[in-house]
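Trainee: I have a model open and want to work through it with you. Can we start with the helices and then turn to the charged pairs?

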Amino acid sequence: PADFPPMPSYDDLRKLVVAQVRDLSALHRTIAPLKAENARLAENLKEVRQSFQDVILALRGFFASPERREWFCDQTDDPELVRFLQRLVIWYRKVSTNDKDPTMAFYRRIWEYERSGDSDGGADGEGE
């Protein structure tokens, strides 16, 4: 049949397979360190995200009391404390706004799914 290319010889097939094995081995040597680094970065990001959540909860708890909010407004004699707390509040608002952004939520869910198969951000990856 003229429609089919000629069948490669056994030696040609063997050479092709050996070349593909060599290429896959080189690819594995390139990807393995990147995979380990990605796992390390993902774990670090998870820890940082948890730390952010802890700070957010602490700020919410601190300013949940009307007395504390009033105390904060009365702190005019310590400008450094006021600036520090103002930066925390500005940071909190920025993080809170990003948490509500649908685009950020979409990418966060993709990131969580790719790393854990768990879209609610629960504990995962234990023992990996």
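Trainee: How many Å does H1 reach from its first C-alpha to its last?

Mentor: Keep in mind that this is a predicted model. H1 has 55 residues. At 1.5 Å a residue, 81 Å is expected. The reach is close to that, at 77 Å.

Trainee: Where in H1 does a kink lie?

Mentor: Look shortly before proline 33. The kink there is about 30°. The residue is isoleucine 31.

Trainee: Is serine 65 buried or exposed?

Mentor: Serine 65 sits in the loop between helix H1 (10-64) and helix H2 (66-73). Its side chain makes a polar contact with the side chain of glutamate 67, at 2.7 Å. Buried means under 20% relative accessible area. Serine 65 has 17%, so it is buried.

Trainee: Which residue forms a salt bridge with arginine 40?

Mentor: The closest N and O atoms are 2.6 Å apart. Arginine 40 is partly exposed at 42% relative accessibility. Its partner is glutamate 37.

Trainee: Which residue meets glutamate 80 in a salt bridge?

Mentor: Stay in helix H3 (residues 79-100) and go 3 residues along, about one turn of the helix. The N to O distance is 2.7 Å. Glutamate 80 is partly exposed, with a relative accessible area of 45%. The partner is arginine 83.

Trainee: What does the count of salt bridges come to?

Mentor: One of them pairs lysine 15 with aspartate 11 at 3.4 Å, N to O. Lysine 15 and aspartate 11 are 4 residues apart in helix H1. The count comes to 5.

Conventions:
Residues are numbered from 1 along each chain as its sequence is written. This is a predicted model: local features need pLDDT of at least 70, side-chain atom pairs count only at pLDDT 80 or more; totals for chains, interfaces and linings use all residues. Side-chain values use heavy atoms; hydrogens and water are left out. Helices (H or I, at least four residues) and strands (E, at least two) are DSSP runs, numbered from the N terminus. Buried means under 20% relative accessible area, exposed over 50%, partly exposed in between (1.4 Å probe, protein chains only). A polar contact is a pair of N or O atoms within 3.5 Å; within protein, one must be able to donate a hydrogen and the other to accept it, and residues adjacent in sequence count only if both atoms are side-chain atoms. The expected span of a helix is 1.5 Å times one less than its number of residues. The bend at a residue is the angle between axes fitted to the seven residues ending there and the seven starting there. A salt bridge is a side-chain nitrogen of Lys or Arg within 4 Å of a carboxyl oxygen of Asp or Glu.
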